[in-house]
Amino acid sequence: MSEILYAESMKDYVKIYTENRLIPYIPLMTLKKLSEILNDDLVQVNRSQIVNFKKNRVFP
């Protein structure tokens, strides 16, 4: 999932923002589960957000 820019936690859901889609994906999944699935691609920057630093130069 190299197109993921960042993801935000919303309790049992996650907003996943990507390069090629204006509206985020919102699957029923925790942030912890998403980071387990994606392994090294994303870095957790706080309790509710993970970021793909390879794609982001400035975080919103």
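Analyst: Let's start with a contact, which means heavy atoms within 4.5 Å. In this predicted model, residues 24 or more positions apart account for 27% of the contacts in the chain with a separation of 6 or more.

User: Okay, and what does V14 touch?

Analyst: Leaving out residues up to four places away in sequence, V14 touches A7, E8, Y25, I26, P27, M29, T30, L31 and L34.

User: Before we go on, how are things counted here?

Analyst: Residues are numbered from 1 along each chain as its sequence is written, and side-chain values use heavy atoms, without hydrogens and water. As the model is predicted, local features need pLDDT of at least 70 and side-chain atom pairs pLDDT 80 or more, while totals for chains, interfaces and linings use all residues.

User: What percentage of the residues count as buried?

Analyst: Buried is under 20% relative accessible area, exposed is over 50%, and partly exposed sits in between (1.4 Å probe, protein chains only). In this chain of 60 residues, 30% count as buried.

User: Which residues make up the largest nonpolar core?

Analyst: A nonpolar core is a set of buried Ala, Val, Leu, Ile, Met, Phe, Trp, Tyr and Cys residues joined through side-chain atoms within 4.5 Å. The largest one here has nine residues: I4, A7, V14, I16, L31, L34, L38, L42 and I50. Two or more residues come from each of β1 (4–10), β2 (13–18) and α1. The helix α1 gives the largest share, with three residues.

User: Is L28 buried or exposed?

Analyst: L28 is exposed, because its relative accessible area is 64%. Look for L28 in the loop between β3 (21–25) and α1 (31–38).

User: And N52, buried or exposed?

Analyst: N52 has a relative accessibility of 3%, so N52 counts as buried. You'll spot N52 in the segment after β5 (49–51). A polar atom of the N52 side chain lies 3.0 Å from the backbone oxygen of I4. For L5, the C-alpha atom is 5.3 Å from that of N52, although 47 residues separate the pair in sequence.

User: Where is K54 found?

Analyst: K54 is also in the segment after β5. With 71% relative accessibility, K54 counts as exposed.

User: Last one: what is the phi of K11?

Analyst: Most residues other than glycine have a negative phi. K11 is not a glycine, yet K11 has a positive phi of about 60°. The loop between β1 and β2 is where K11 is found. There, K11 counts as exposed because its relative accessibility is 75%.

How values were computed
Helices (H or I, at least four residues) and strands (E, at least two) are DSSP runs, numbered from the N terminus. A polar contact is a pair of N or O atoms within 3.5 Å; within protein, one must be able to donate a hydrogen and the other to accept it, and residues adjacent in sequence count only if both atoms are side-chain atoms.
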